[in-house]
Amino acid sequence: MDARRKVDLFLERPLRRSRAGATHKGSLVIIGGHEDRTGDKRILRAVADRLGKDGKIVVCTVASAEPDALWEEYETAFRALDVPHVYRLDIDSREDGSSTRAMRILEGATGVFFTGGDQLKITSQIGDTPAFSRMQEIFEQGGVIAGSSAGASAMSETMLVTNSGEASYRIKSALLMAPGLGFANDMVIDQHFSERGRMARLIGAVSQNPRVLGIGIDEDTALIVEHNRRFRVLGEGAVYVVDASKTTYSNIGEEDADRTLSAFGLIVHMLSQGDRYDLTTRTPTPLPAESMDDGEEERRDAAGD
């Protein structure tokens with residue numbers, strides 16, 4: 001199907017996660033930011049390994065204030081990892097997301113990578129455009145969707161945008177959340193996690209709706225989600241999981257704006273490289289860090305074993 005017809009089709013019938021028949025065949029590589037791009041590139045290699053033999057990755061720089069420089073870094077990194085086809089998708093407006101140019105760039109892609117910057121730029125410029133529908137199609141066909149920093153936060157159904165930066169979360173703290181791209185189900189994701197002391201705001205976020213898991217990802221660290229059923233941790237830092245589903249008490253609904261948040265019964269897990277987390281049963285499993293180095297466990301996860 002040519003690019004114009006594809007754009008028209010997606011304008012008439014957008015692909016949305018909530019529709020009947022939506023699948024979870026693809027992989028997500030969700031990165032806490034500042035991943036290694038010049039050394040062994042362990043995390044970017046995990047992205048490259050999922051692209052297929054004749055893989056094509058599209059690097060989307062819409063979030064960045066310095067897109068040209070960031071594109072050069074990622075292009076160099078992915079080409080060094082022997083990815084045969086590396087393209088850039090630069091979107092400055094929603095009109096660009098509905099263009100035949102964007103559709104041609106995404107044609108044949110087996111992966112999309114969102115860079116860091118401002119996650120609101122990603123969702124406001126791409127959300128529900130034909131370009132996004134094509135990305136959804138790539139994911140449903142078994143491709144990989146990856147994102148670093150702001151690109152990580154945008155993966156979830158609801159994304160953290162900002163807050164006041166207070167060390168302890170106040171009930172009426174200016175914690176701003178917005179709809180995300182929705183690739184990662186039932187979770188809210190925060191990045192640069194321990195480096196910027198973001199545990200309080202993540203607890204504040206999940207206290208507002210304990211249905212969703214809070215996921216905090218350190219820098220140069222990623223979680224690799226397969227089929228939206230489980231994830232593995234890869235990288236130098238940790239992934240923090242905050243489960244508020246068993247909370248016995250919270251004062252989040254109180255009127256005193258200056259009151260510090262109380263939340264009892266939270267479950268917090270800290271996972272390092274190799275560890276697995278089951279998103280259905282909400283249980284972690286310890287596994288050797290070395291299991292991620294040889295790739296065998298990752299291949300079994302990708303196959304659904």
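1. Starting with the secondary structure: the protein chain carries ten helices and 17 strands. Keep in mind as you read on that this is a predicted model.

2. On overall dimensions, the radius of gyration of the protein chain is 19 Å. A compact globule of 305 residues would come out near 19 Å, so the two agree. If you want a box for the C-alpha atoms, roughly 55 × 45 × 40 Å along the principal axes will hold them.

3. Next, burial and contacts. Of the 305 residues in the protein chain, 55% are buried. Take the contacts between residues at least 6 apart in sequence: 73% of these join residues at least 24 apart.

4. As for the surface, the protein chain exposes about 13,100 Å².

5. Now the charges. I get 37 positive and 48 negative side chains in the protein chain. The centres of the positive and negative sets lie 5 Å apart.

6. Is Glu140 buried or exposed? Its relative accessible area is 11%, and buried means under 20%, so Glu140 counts as buried.

7. What does Glu140 touch, leaving aside residues up to four places away in sequence? The partners are Arg17, Arg19, Ala22, Thr23 and Lys25. Among them, Arg17, Arg19 and Lys25 are of the residue types counted as positive here, while Glu counts as negative.

Terms used. Residues numbered from 1 in each chain as written. Predicted model: local features only at pLDDT ≥ 70, side-chain atom pairs only at ≥ 80, totals over all residues. Heavy atoms only, no water. Helix = DSSP H or I, 4+ residues; strand = E, 2+ residues; numbered from the N terminus. Rg over C-alpha atoms; globule rule 2.2 N^0.38 Å. Buried < 20%, exposed > 50% of the residue type's maximum accessible area, 1.4 Å probe, protein only. Contact = heavy atoms within 4.5 Å. Areas by Shrake-Rupley, 256 points an atom, 1.4 Å probe, with all protein chains shown as cover. Charge placed at Lys NZ, Arg CZ, Asp CG, Glu CD.
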